[in-house]
Amino acid sequence: MSVSTIYTDNNATTPVAPEVYRAMIPYLTEDYFNPSSMYESAQHAAQTISRSRRLVADYFGGVDPSQIIFTSCATESNNAAIYGVAKARPDRRHIITTTVEHPAVLEVCKDLQRGGYQVDFIKVDKHGKLDIPEFVRALRPDTLLVTVMHANNETGVIFPVEQLARITKETDPTIVFHSDATQTVSKLPIDLKGDFKDVDLLSFSGHKLHAPKGIGVLYLKKGTPCRAFMIGGHQEGGRRAGTENVAFIAGLAKALELASENHDQIESRIAKLRDRLESGILENIPEVRVNGAGAPRLSNTTNISCHYVEGEGILYQLSAEGICASSGSACTSGSLEPSHVLKAMEVPFTAAHGSIRFSLSRYSTESEIDRILEVFPRIIANLRKLSPYWDTQTNRPRSGASAGIM
Amino acid sequence: MPWQYSEKTKQLFMDAVQGRPGTHLGEIQNPDGLGEHGSIACGDALRFTFRVNKHPEDPTKDVITEAKYLTFGCTSAIAASEALCEIIEKGAYTPIQALKVQNKDIVAFLEGLPDQKIHCSVMGAEALEAAVFDWAKKRGVDTRLLGIDHSQEEKEEGRLVCECFSLTEPYIRRKIKELGLRTIPEITNAIKAGGACMSCHHVPGGLQDLLDEAWGASSGRASAEAKKTAEEQGAAALSPYQFNKKVDKTIEQYIRPMLQQDGGDMEIVDIKDKLVYCRLNGACSSCQGAAQTLKMMVERVLKDNVDEGIRVIQV
């Protein structure tokens, strides 16, 4: 294939920024020492970690750096948070989460459920908005933990985490509040001393914000009951054992620094590109819908359902054009079920299967969007020609199609 | 609507908004007297102007010939402004005589005002007072003749008692006496003090203390406290069903009408023990400060009427 790649799958992962890569190189080459060692050269590595920790802490509103724990990824952070809290407070056995969490939270909650915990999965409406009254009613005297993602990876729909955390703490300050902020760190402001002060635990990973894969963070507010998940070493204050990944930690700190520079300008440019892509598709293709359009959304994400066609077929053709995108969550691929997020939003089955997610980044360009807009209508038209539910003559669905009748 | 306006009030309001001849909406250019009261932040404001027929020798014999107003406020605020202008013009008063026009004259002219709206009539009287003061300065009349030399400094320099409406201790003290206010609700209805966050009701130096100072520690207060203790004991005996019913009833009776007055409303999402989860929608609910005030108001009313242990959580 000679076509150059158009990468619009940044909610899956992002390219490492050149600045981040350069910041990492010294620790992969001459500064390779174990930061726990006594000699002076090793102390430099230790200093790099503490400087990076401070940068991360500053990014979140100047929290105490000792509350920042470096992990290997957001999945580890989520596991460490949820299992850690469960282990620390065995007297409470009720958890509240949502139906649309990432599997790194959902499956952990289901695992605890199998172990006898009671778990409430709060529903979303057709726009993907959380049912807040249902959330309020779910809070109980024996609630251990609330874990709610900040923004959804598939649709980009943002949950009012700061409000949910406040309601939780006003109800009972001993309930622990965790949020998976993997999709929002670097995109939305998160002030853990301000609006988000009621959040006890926050997870995210580096590779969604132009740092490499293999580095994550768990913010753990002092005083939060949470037992260590990985044990066997003094690192990270004994809360996450294992020799520190110095190069990646330095890279993550650099990536957050980059994210702060010209943040609003970059975000608004991304939003413009996304809106152009979205309206271009809506104008040129009949029978499409934007999932989550009725809710506050991340400005880089669009999740589009094309009725009566299958997502995989779309991805395949996009890929032939060098365009990278997702259908449903990359993490759920391999399963034949349509995305649990779209199902929770009651997206009709005629549309759920034909959902495509484009997610942009600071490196996305106007010409890339133009190129997608050029090929995407043709791709859908091609597939619809094949679809038993589509009448190519009228360019409309066949009668009965919405009920699944061919 | 939880109250009814008199026919007169409604008619004055309609005439004014339709700009019928004989109404007084507007502003006199280069007025002989200009007075303002209220502010947009407090929900109503009045700018009152008048012109006099100047007496060639003795300014105290000037006669008011024309009065106009610009009012930001509700039906009764507009009607009260209209009433004020009519009373003044018809009376052909000198400015000093006009000072005798009091809020109760405005209420009488309007054929009554609901309790919650008394402050509209007070606003009219206050603006008039300020305008006369302004006239006196312009015409070189000795302001001591007016008996209102307290106007400015008491508003600016006294200790703030009601922070929500920026009302000071000397001002409230004077109004308690002038208007014969005997209870906190009467104060609130007349001058709005204590009507938003209610935190100034029973604190040291708060409204109750000012009332006690004015009228002596009244028996009314002692019985109110006795009633409260009885209610607290009653609350302890309430079953969850009765408790919830009582919360509901209090909201219907006291809180919802207040919110609806501002184009707002509320909804109970859940009640857990003494935690009441509410959704509040007010005209100002998008403003965080106002939302906080609203929450405190709802909590205060529920504490007073149902159970001191209630906490309101805004959803």
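Biologist: Which residues of α1(A) meet which residues of α7(A)?

Modeller: Start with the term. Two residues are in contact if their C-beta atoms, placed from the backbone, lie within 7 Å. Helices (H or I, at least four residues) and strands (E, at least two) are DSSP runs, numbered from the N terminus. In this predicted model, α1(A) gives Glu19(A), Val20(A), Ala23(A), Met24(A), Tyr27(A) and Leu28(A). They meet Val246(A), Ala247(A), Phe248(A), Ala250(A), Gly251(A), Lys254(A), Ala255(A) and Leu258(A) in α7(A).

Biologist: How do the residues of that contact divide into nonpolar, polar and charged?

Modeller: Ala, Val, Leu, Ile, Met, Phe, Trp, Tyr, Cys and Pro count as nonpolar; Asp, Glu, Lys and Arg count as charged; the others, Gly among them, count as polar. The contact of α1(A) with α7(A) has eleven nonpolar, one polar and two charged residues.

Biologist: At what angle do the axes of these helices cross?

Modeller: Axes are lines fitted to C-alpha atoms, for helices over the stretch in contact, and angles run from 0 to 180 degrees between N-to-C directions. For α1 (residues 18-28) and α7 (residues 246-260) of chain A, the axes come within 8 Å and cross at roughly 155°. That makes α1(A) roughly antiparallel to α7(A). Angles under 35 degrees count as roughly parallel, over 145 as roughly antiparallel, 65 to 115 as roughly perpendicular and the rest as oblique.

Biologist: Where does an oblique pair occur?

Modeller: Take α9 (residues 311-320) and α12 (residues 366-386) of chain A, whose axes come within 10 Å and cross at roughly 135°. α9(A) and α12(A) are therefore oblique to each other. Gly313(A), Ile314(A), Gln317(A) and Leu318(A) of α9(A) contact Ile379(A), Asn382(A) and Leu383(A) of α12(A). By class, that contact has four nonpolar, three polar and no charged residues.

Biologist: How many residues does each chain give to the contact between chains A and B?

Modeller: Chain A gives seven and chain B six. On the side of chain A, α5 (132-138) and α6 (161-171) each give two or more residues. The largest share, four residues, comes from α5(A).

Biologist: What share of chain B is buried?

Modeller: A residue is buried if 20 or more other C-beta atoms lie within 10 Å of its own, exposed if 12 or fewer, and partly exposed in between. Buried residues make up 38% of the 315 residues in chain B. Its secondary structure comes to twelve helices and eight strands.

Biologist: And the conventions?

Modeller: Residues are numbered from 1 along each chain as its sequence is written, with chains lettered from A and ligands numbered from 1 in the order written. The model is predicted, so local features need pLDDT of at least 70 and side-chain atom pairs count only at pLDDT 80 or more, while totals for chains, interfaces and linings use all residues.
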